[in-house]
Each structure stands twice: as structure tokens, then as C-alpha cells.
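I opened this notebook to record what I looked up in the structure below.

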Amino acid sequence: YSQTLTTTGGYAPYTYALASGSKLPAGLVLTEKGILKGRPTGRPTKTVFTVIVTDANGVKMPHQYKLELNKAPSYIKFSYPSVSLVYGWDQEMTAYAADANGNIIAYPNGRSHSEIYYHSDMANICQVSNEGQRGLVRATGVGRTQITATLKGNEYYEDAKSTYSCT
């Protein structure tokens, strides 16, 4: 996150500082040049804080700001060896969820705080097992199907869903 605060009136250059008692969400900082930047690390929240702007003549003016942190978006990516299934054989499907920066937030085997669940839209063609939090895919017929991976969000991340077509 990066946002530059702007000021009108008074005489440039301006300096910026948090007012006594004001706090920014964890992971954010305010520079003397008025840049609010960083990567928020806390839960989604609404924060009210006051910034003291000082102009070139030493005149100080307080400004109050409201900042709302929302849940981060998440995305599911598939890593699967083949789009073709062999009748009666199990093949492991791997998917992972990542945030907008590509940081992995969930694995299908439950190694993190969120889990990915799989299902097939046509069980007569393909069945998916979630045992052990991994996606085991078994071809049970002939045809085209879609496998859906779903991640239930938490207090930090939004829900995510993705589909994978296979034959």
C-alpha cells in the first residue's frame, strides 16, 4: 500500500507526523513527506488517526483521516500433470491459494490455516476425494468434466474458487 497525503494552503515544503496518541494499522508507516505506506498485517479494521502537517513557517495544522482495511483477495491456481485421466486410476491434483502478491496462503494437504476442498460436477465421469486434504481424482467414466477447488476465507482473506476442465 502507498498513498501520498496532499496539503493546500500555508507554505511548502510541508512535513507530516502522526499526532500524539494516533496509531496506524500494523505494518503501515507515515513518512515525513506524507507518504502512508507499507503492507498491513492485521485483521480488517477501520482506523481513525490524526496527522499534524507543518508548513515552512512552522504553522501546524491537524487533519483527521479514516482508513478501512478490507480482507485481501485470494486466488486458486492448479498444478496438475495432465488434463487426461486414466479410467479407474487415482491421480493427485494439486492446487494452492495465493494472495495478490503470490504469497501462498493454503495448501491442499492442510499445512496452513486454510484448506482447499475439491469436487467434480459430474461424478459419473470423475470423482474427487478430499481425504487428507489433498485432491485425489478418479476417472469413473468417459467424457468432459470440471473439477472445482474452493477455499473458505478467514478473517484475513476472501473466499476463492477456481475450476479445472479435464477429460
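Among contacts in the chain between residues at least 6 apart in sequence, what percentage join residues at least 24 apart? I found 49%, where contact means heavy atoms within 4.5 Å.

Entry 1, conventions. I note that this is a predicted model, in which local features need pLDDT of at least 70 and side-chain atom pairs count only at pLDDT 80 or more, while totals for chains, interfaces and linings use all residues. Residues are numbered from 1 along each chain as its sequence is written, and side-chain values use heavy atoms, with hydrogens and water left out.

I looked up the elements and found 0 helices and 14 strands in the chain. Here helices (H or I, at least four residues) and strands (E, at least two) are DSSP runs, numbered from the N terminus. I then checked burial: of the 167 residues, 34% count as buried. Buried means under 20% relative accessible area, exposed over 50%, and partly exposed in between, with a 1.4 Å probe and protein chains only.

Entry 3, a sheet. I examined an open sheet of 3 strands, which has the order S2-S5-S6 and antiparallel pairing; two strands pair if DSSP finds at least two bridges between them. Strand S2 (15-18) and strand S6 (60-68) stand at the edges with a single partner strand each, so one side of each has no neighbour in the sheet. The twist averages 30° from one strand to the next, taken between axes that are lines fitted to C-alpha atoms, with angles from 0 to 180 degrees between N-to-C directions. Between S2 and strand S5 (residues 46-54) I found 4 bridges, and Thr-15 stands opposite Thr-54 in S5.

I located Pro-13 in the loop between strand S1 (2-4) and S2. The peptide bond from Ala-12 to Pro-13 is cis, with omega near 0°. For context, most peptide bonds are trans.

I searched for pairs of Phe, Tyr and Trp rings (for Trp, the six-membered ring) with centres within 6.5 Å; planes under 30 degrees apart count as stacked, over 60 as edge-to-face and the rest as tilted. The search gave 1 aromatic pair. The rings of Phe-49 and Tyr-65 have centres 5.7 Å apart and planes at 20°, so they are stacked. Phe-49 belongs to strand S5 and Tyr-65 to strand S6, 16 residues apart. Phe-49 is buried at 3% relative accessible area, whereas Tyr-65 is partly exposed at 22%.

I used sets of buried Ala, Val, Leu, Ile, Met, Phe, Trp, Tyr and Cys residues joined through side-chain atoms within 4.5 Å. The largest core has 16 residues, of which Met-93, Tyr-118 and Ile-147 touch the most other members. Elements giving two or more residues to this core include strand S7 (74-79), strand S8 (90-99) and strand S10 (114-120). A second, separate core of 11 residues includes Leu-30, Phe-49, Val-51 and Leu-69.

Ile-76 lies in strand S7 and has a relative accessible area of 8%. I read a C-alpha separation of 6.4 Å between Ile-76 and Ala-160, which are 84 residues apart along the chain. Ser-120, in strand S10, is buried at 15% relative accessibility. The side chain of Ser-120 reaches the backbone nitrogen of Met-122 at 3.2 Å. Leaving aside neighbours within four places in sequence, Ser-120 is in contact with Cys-126, Val-128, Thr-145, Gln-146 and Ile-147.

Definitions and conventions
Polar contact = N/O pair within 3.5 Å; in protein donor to acceptor, adjacent residues only side chain to side chain.
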